[in-house]
Amino acid sequence: MTRRRTLVAPPRRAAARFADSPLDRPPTATLPTAHARSLSQRRPSFTPPQSSSSRIRHAPLPLRSLGPLLLPLLVLAIGACSGATPTPEVDPEGPLQLSLEVSPVDGDAPHEVRARAELSGELGPGDAVRFRCATAAFIMGNDTVQHVPPEQPCDDEVQRAYETTYTYEAAGTYPISVRLIARPVRPSRSIQVFVRGATPTPVSAGAASGPNIVIATPVTRTAEPPTQAATEASAPAATATRMHSATPEPVGPATRVAVDATPAIGVSVLPADLYFLSGEPARIARLPASGDPPEAVGPPDERSVSDYAVSSLGLVAVLAEGELAVLSPLGEARIVAADGASHPTWSRDGRALAYARNGVLHHFDVVTFKERSLATRGEPVAYSHDGAWLLARDPEGAPLLLQPDSSPIGRQPLPLDGAAYAGWLPGRNVLWLSGPGLRFVSVEDAITVAPVLDTDVATSPLFVRPDERALLLAERNGSSTLHLVDLTAPMLEAEVVGVPLVLPVDADFAWSPDGRWLAVAGPSRLIQFNPVTGLSSTLVEGPVRRPSWVLSGR
């Protein structure tokens with residue numbers, strides 16, 4: 001089968017501040033089947049659902065007169081998504097409640113506890129579908145979050161109970177709570193666990209930049225469900241050294257249970273916010289890192305959303321029936337192009353938005369609100385790390401470099417062909433091209449091409465970790481494998497770091513900002529997958545497309 005060789009932008013990735021990843025030498029693991037996506041379907045067009053809301057407001061973004069002060073103010077405002085409304089809302093007094101039992105609640109380190117969550121109450125209309133295949137997130141009180149996937153099969157009934165075990169290696173007071181990810185039920189109240197022993201060394205803020213997520217082995221559906229702990233061997237990123245640094249309080253008898261009446265709300269149970277197109281017709285949705293139910297993201301009218309892009313500042317560029325609008329965190333919309341727009345692409349710092357309008361490239365500055373035609377036919381692909389260069393493709397699909405802020409506009413064709421995906425390496429003016437093969441192209445002075453994988457190998461978009469190691473999937477003979485490229489090595493080589501995977505290189509997936517997880521979308525659900533352990537957890541049920549992780553406000 002001949003693959004289409006068209007240069008397109010890779011899936012939208014979050015900006016900087018990625019945590020480290022344990023993918024140097026992953027153990028043997030096999031990925032679950034994911035649904036392939038042809039390159040011609042990367043930007044599908046959907047008919048929107050019926051809505052009684054008015055059309056999107058054509059008002060300018062607020063604070064226009066503040067000019068350069070706009071960006072820090074937007075950063076402060078981010079956290080409430082633009083035009084977002086919970087779907088559905090969580091009723092704290094609703095019929096469904098999530099309770100938690102933990103035992104034993106005190107002991108000497110190392111101290112193993114067994115946690116059991118139970119969903120009680122009568123299911124209402126639609127709840128049988130809404131709550132099926134839910135994943136429970138146990139928040140262990142020490143940066144660790146255990147995801148307990150639903151028992152399989154999960155389509156026939158709502159699972160009511162989840163169990164897991166966990167071992168605390170150091171002394172401390174640990175509040176444990178649980179929630180169901182993306183489901184409209186309030187998190188459980190916290191139960192304090194008291195562990196006696198040596199006080200752990202405090203963890204630096206840089207090392208504990210986000211939740212340490214572990215996917216636990218789910219219990220098997222039997223009369224007496226056994227619980228199998230998520231061991232450190234099966235999840236090398238979940239080390240016992242990342243312990244809470246609080247000094248243990250005096251404890252009473254072993255039967256003592258301290259319950260916090262306040263549920264754990266706002267605690268992150270995912271690596272970042274996760275955006276996606278949901279349902280038929282498709283709408284933009286945001287699954288918060290807290291695991292709250294997904295929120296709808298504009299436009300709040302009946303038009304079809306064909307594409308979207310989220311900036312590092314949380315601004316959302318929405319393409320609906322040829323109209324391109326930028327939604328602010330305050331819920332206002334700025335119409336950038338009234339018609340004929342396509343391919344919205346943000347710069348890394350979120351200050352500039354590139355797009356094509358009636359086939360001509362444009363550059364929009366969100367600080368000055370000035371639009372500039374680049375007087376070049378084509379489509380944008382990606383900005384360089386400093387925004388000085390814009391990679392685009394001409395009408396024939398060949399790559400093209402532009403300098404959007406220069407006068408006159410700088411243009412430099414690239415003598416390259418056959419790329420399906422392209423982007424820039426962080427912090428340097430070096431391109432990567434994949435789709436068939438893998439090539440790195442330096443554009444500093446003279447154009448220098450460094451091939452790494454031959455063009456007869458089908459490859460996925462590249463993901464670069466903060467330690468300057470790049471990850472991608474490469475497909476040979478019908479199966480794909482994970483490859484790692486050390487960008488600091490004198491000779492660039494793509495090293496196979498796993499066994500064959502059941503995941504096409506052009507599947508609809510996105511790497512999480514910490515480089516440890518894949519969000520894999522398909523016609524039935526959205527899952528979070530660990531390519532090291534081969535374990536996955538269900539996030540959202542239903543048809544999902546174009547996942548994109550975003551570190552809000554960064």
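Two strands pair if DSSP finds at least two bridges between them. Strands themselves are DSSP runs of E with at least two residues, helices are runs of H or I with at least four residues, and both are numbered from the N terminus. With these terms in place, eight bridges join β4 to β7, and the two strands run antiparallel.

**Basis of the report**

The model is predicted: local features need pLDDT of at least 70, side-chain atom pairs count only at pLDDT 80 or more, and totals for chains, interfaces and linings use all residues. Residues are numbered from 1 along each chain as its sequence is written, and side-chain values use heavy atoms, with hydrogens and water left out.

**The chain as a whole**

The protein chain holds two helices and 39 strands. Of its 554 residues, 55% are buried; buried means under 20% relative accessible area, exposed means over 50%, and partly exposed lies in between (1.4 Å probe, protein chains only). The accessible surface of the chain comes to about 22600 Å², and carbon and sulfur atoms account for 52% of this surface. Such areas come from the Shrake-Rupley method with a 1.4 Å probe, and for residues only the protein chains shown count as cover. Among the contacts with a separation of 6 or more, 59% link residues 24 or more positions apart, where contact means heavy atoms within 4.5 Å.

**The nonpolar cores**

In soluble globular proteins, nonpolar side chains tend to be buried together. A nonpolar core is here a set of buried Ala, Val, Leu, Ile, Met, Phe, Trp, Tyr and Cys residues joined through side-chain atoms within 4.5 Å. The largest such core has 29 residues, and the members that touch the most others are Leu100, Val102, Leu119, Phe138, Tyr168, Ile176 and Leu180. At least two residues of this core come from each of β2 (97-103), β4 (111-120), β5 (136-139), β7 (161-168), β8 (172-180) and β9 (189-196). Another core, of 21 residues, lies apart from it and includes Phe276, Ala285, Leu287 and Leu551.

Not counting residues up to four places away in sequence, Ile176 touches Leu100, Val102, Val113, Ile139, Met140, Tyr168, Arg189, Ser190, Ile191 and Val193.

Three strands form an open sheet in the order β2-β4-β7, with antiparallel pairing. Its edge strands are β2 and β7, each of which pairs on one side only. Neighbouring strands of this sheet are turned by 20° against each other on average, direction ignored. Within the sheet, Ala117 stands opposite Tyr162 in β7.

A further open sheet has four strands in the order β35-β36-β37-β38, and the pairing is antiparallel. Because β35 (509-511) and β38 (536-541) stand at the edges with a single partner strand each, one side of each is left without a neighbour in the sheet. The twist from one strand to the next averages 20°; the axes behind such angles are lines fitted to C-alpha atoms, for helices over the stretch in contact, and the angles run from 0 to 180 degrees between N-to-C directions. Three bridges pair β35 with β36 (residues 518-521) in the antiparallel sense, and Trp511 stands opposite Leu518 in β36.

Ser537 is found in β38 and counts as buried at 1% relative accessibility. Leaving aside neighbours within four places in sequence, Ser537 is in contact with Thr135, His147, Pro149, Ile215, Ile527 and Gln528.

Strand β23 (residues 379-383) is mostly covered, with four of its five residues buried. Four bridges join β23 to β24 (residues 390-393), and the strands run antiparallel. Tyr383 stands opposite Leu390 in β24. Six residues lie between the strands of this hairpin, in which Gly387 takes a positive phi near 80°.

Glu379 belongs to β23 and counts as partly exposed at 22% relative accessibility. Its contacts, leaving aside neighbours within four places in sequence, are with His343, Ala356, Leu361, Ala392 and Arg393. From Glu379 to His362 the C-alpha to C-alpha distance is 9.1 Å, and the two are 17 residues apart in sequence.

**Side-chain polar contacts**

A polar contact is a pair of N or O atoms within 3.5 Å; within protein, one must be able to donate a hydrogen and the other to accept it, and residues adjacent in sequence count only if both atoms are side-chain atoms.

| Side chain | Partner side chain | Polar contact |
|---|---|---|
| Ser537 | His147 | 3.3 Å |
| Glu379 | His343 | 3.1 Å |
| Glu379 | Arg393 | 2.6 Å |
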